[in-house]
Amino acid sequence: MFTIICSNCKTKIYSGDEVRSPKQVLRLYKGKCKKCGADLDPEDFTLEVNELS
Ligand SMILES: [Zn+2]
C-alpha cells in the first residue's frame, strides 16, 4: 500500500497499490489538500510505502 499524507492536517490524500509520484498526485488535486485546502509542495509530502511481504 502506498499513501500520501497531507503534512498540514495529516489527511490521507492518496492511498492505493499503485505507486505514484507526489507530483502526479498533486496534479489530481490542483496542488491543494482536498480537506484543509493547504497549498502543498511535493517535497512537503509524507510518503508511506508499506509493502506486503
Ligand atoms: Zn490537509
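Lys-10 counts as exposed, because 11 C-beta neighbours lie inside 10 Å. Lys-10 sits in the loop between β1 and β2. Its phi is positive, about 70 degrees, although Lys-10 is not a glycine.

The model is predicted: local features need pLDDT of at least 70, side-chain atom pairs count only at pLDDT 80 or more, and totals for chains, interfaces and linings use all residues. Residues are numbered from 1 along each chain as its sequence is written.

The chain holds 1 helix and 3 strands. Helices (H or I, at least four residues) and strands (E, at least two) are DSSP runs, numbered from the N terminus. From the N terminus on, the order is β-β-α-β.

Strand β1 (residues 2-5) and strand β2 (residues 12-16) run antiparallel and are joined by 4 bridges. Strands are taken to pair if DSSP finds at least two bridges between them. Phe-2 stands opposite Gly-16 in β2. Ile-4 has Tyr-14 in β2 as its bridge partner. The two strands form a hairpin, with 6 residues between β1 and β2. Lys-10 belongs to the turn of this hairpin.

Ser-21 lies in the loop between β2 and α1 (22-28). Ser-21 is exposed because 12 other C-beta atoms lie within 10 Å. The C-alpha atoms of Ser-21 and Ile-4 are separated by 9.4 Å, and the two residues are 17 residues apart along the chain.

Lys-30 is placed in the loop between α1 and β3. Phi of Lys-30 is positive, near 55 degrees, in a residue other than glycine. Lys-30 counts as exposed, because 9 C-beta neighbours lie inside 10 Å.

Across the chain of 53 residues, 9% are buried. Contacts (C-beta atoms, placed from the backbone, within 7 Å) were also examined by sequence separation. Among contacts between residues at least 6 apart in sequence, 41% join residues at least 24 apart.

The mean pLDDT of the chain is 79. This score is the predictor's confidence in each residue, from 0 to 100. A value of 70 or more is reached by 77% of the residues. Confidence is highest in β2, at a mean of 85, and lowest in strand β3 (residues 46-49), at 64. Where pLDDT is low, the predicted coordinates should not be read in detail.

Notes:
A residue is buried if 20 or more other C-beta atoms lie within 10 Å of its own, exposed if 12 or fewer, and partly exposed in between; C-beta atoms are placed from the backbone. Two residues are in contact if their C-beta atoms, placed from the backbone, lie within 7 Å.
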